[in-house]
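Hi everyone, thanks for making time for this one. Let me put the structure up, and then I'll walk you through it.

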Amino acid sequence: MAGIKKGDNLICQPVINVVISEAGMKYNIIFGLVIFNVLVFIYKIESIVPFIIAAGLVGVYKGTKTGSDFRKIFNIHKVDFSLKESTTRIELLGALILSLSTDILSFEYYFYEGILSANFIYIVFHVLYSLLFALLLFRFLFLNMFEESKHNSRKSMNQ
């Protein structure tokens, strides 16, 4: 430890604190989902297993934050939320990114075929399906995932 001075940790410690803090965790999850999309796109992953694993990891993270209450993990109660809050928008972005990963190869195919081709109906179907899947993921998995424990303004209506 002769080469390490007392002040050397001043640069690394704030970065480490942000990465492992709850505030930084939401950005880590979004970054991880973006990387997942890139891997799906590069390696042309068509199996359902990686998507289930990715959604399962998000569910495990939310489950460790909210405890063992099944209703709180999957939001099986009436909730009040607003998209004006930045945390809610980040949760919606995470749901959209995970939903996009399931159809990214179809969108790539349609992009190369041409948007105004004979496949236009299929393109509309895939876009609507992805949006519906994203909204379902948002409502039942991502919503309230990044809520602060005491300062939460998005509370359950049944509590």
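When I say contact, I mean heavy atoms within 4.5 Å. With that in hand, 74% of the chain's contacts with a separation of 6 or more come from residues 24 or more positions apart.

A word on provenance: this is a predicted model, where local features need pLDDT of at least 70, side-chain atom pairs count only at pLDDT 80 or more, and totals for chains, interfaces and linings use all residues. Residues are numbered from 1 along each chain as its sequence is written, and side-chain values use heavy atoms, leaving out hydrogens and water.

So what is the chain built from? It has six helices and zero strands, with helices (H or I, at least four residues) and strands (E, at least two) taken as DSSP runs numbered from the N terminus.

Now, the inside. Of the 159 residues, 33% are buried, meaning under 20% relative accessible area with a 1.4 Å probe, protein chains only. A nonpolar core is a set of buried Ala, Val, Leu, Ile, Met, Phe, Trp, Tyr and Cys residues joined through side-chain atoms within 4.5 Å. The largest one has 24 residues, and Leu 98, Phe 142 and Met 145 touch the most other members. Helix α5 gives the most to this core, seven residues.

Please look at α5 again, residues 86-113: it has a kink of about 60° centred on Asp 103. The bend is the angle between axes fitted to the seven residues ending at a residue and the seven starting there. After α5 comes Gly 114, with a positive phi near 110°.

Technical notes:
Buried means under 20% relative accessible area, exposed over 50%, partly exposed in between (1.4 Å probe, protein chains only).
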